[in-house]
Amino acid sequence: MDVDRMIGILDWGIGGLGALRELRARGSSVDILYLSDSGSIPYGMLALPALTARVERAAQCLIDRGVDRIIVACNAASTVLDRLRLDVPIGGMIQSGIATVAPGDY
């Protein structure tokens, strides 16, 4: 196991479990820290500034625990990733969804 690297998965509910399952199905043995922030108001119901602050705090919590990359497995949270001030690569549902569609496909 690569102890120097860790991926964080951030979600509001349980959708990030699919990301975890896919990482493992592809043979990844990297350490993973999973954070479900389901104790919060549903992310989709938060105003943009509150959502941005909440996602940034949750992501920083993962970083403080040693993750060096973050997957955001929540559609609502993925809408604010470009507003975050973090020092690790972070990707979400929107970016990965767009990346799977070839430019000539739409």
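Predicted model: local features only at pLDDT ≥ 70, side-chain atom pairs only at ≥ 80, totals over all residues.
Residues are numbered from 1 along each chain as its sequence is written, and side-chain values use heavy atoms, with hydrogens and water left out.

Leu51 belongs to helix α2; helices (H or I, at least four residues) and strands (E, at least two) are taken as DSSP runs and numbered from the N terminus. With neighbours up to four places away in sequence set aside, Leu51 touches Tyr43, Leu46, Ala76, Ala77, Thr79 and Val80, contact being defined as heavy atoms within 4.5 Å. Although Leu51 and Ala77 are 26 residues apart along the chain, their C-alpha atoms are separated by 7.1 Å. Leu46, one of the residues touched by Leu51, is located in the loop between β2 and α2. The contacts of Leu46, under the exclusion of residues up to four places away in sequence, are with Ser40, Ile41, Leu51 and Arg54, and its C-alpha atom is separated by 9.9 Å from that of Ala77, 31 residues away along the chain.

Helix α2 comprises 17 residues (residues 48-64), which at 1.5 Å a residue should span 24 Å, and the distance of 24 Å between its end C-alpha atoms agrees with this value; the expected span is 1.5 Å times one less than the number of residues in the helix. The buried residues of α2 are Leu51, Thr52, Val55, Glu56, Ala58, Ala59, Leu62 and Ile63. Viewed down the axis of α2, these buried residues fall within an arc of 165° and so line one face of the helix, the arc being that of the directions from the helix axis to the C-beta atoms. An α-helix has 3.6 residues a turn, so residues three or four places apart point the same way. Packing of the buried residues of α2 is against β1 (6-11), β2 (31-36), β3 (69-72), α3 (75-78) and β4 (90-92), whereas the face turned away from the buried side carries the exposed residues Pro49, Arg57 and Asp64. After α2 comes Gly66, which has a positive phi, near 110°.

Among the elements against which α2 packs is β1, the strand that contains Ile7. Ile7 has a relative accessibility of 8% and counts as buried. Apart from neighbours within four places in sequence, Ile7 is in contact with Leu23, Val30, Asp31, Ile32, Leu33, Val67, Asp68, Arg69 and Ile71. The C-alpha atoms of Ile7 and Ala76, which lie 69 residues apart along the chain, are separated by 20 Å.

Pockets were identified on a 1 Å grid over the protein atoms alone, as open sets of points with protein on both sides within 12 Å along at least five of seven lines, where a 1.4 Å probe fits, and lining residues have an atom within 4 Å of a point; grid points are joined across faces, edges and corners, and a volume is the space filled by probe spheres set on the points. The lining of the largest pocket consists of Gly15, Ala19, Glu22, Leu23, Arg26, Ile71, Val72, Ala73, Gly91, Gly92, Met93 and Ser96. At least two lining residues come from each of α1 (16-25), β3, β4 and α4 (93-99), and α1 supplies the largest share, 3 residues.

Helix α4 also contains Ile94, which is partly exposed, with a relative accessible area of 40%. Ile94 touches Asn75, Ser78 and Thr79 when residues up to four places away in sequence are not counted. Ile94 and Gly66 are 28 residues apart in sequence, and their C-alpha atoms are 25 Å apart in space.

The structure holds 0 disulfides, a disulfide being a pair of cysteine sulfur atoms within 2.5 Å. The sulfur of Cys61 has its closest cysteine sulfur in Cys74, at 16 Å, which is too far for a bond. Cys61 is partly exposed at 25% relative accessibility, whereas Cys74 is buried at 10%.

Notes:
Buried < 20%, exposed > 50% of the residue type's maximum accessible area, 1.4 Å probe, protein only.
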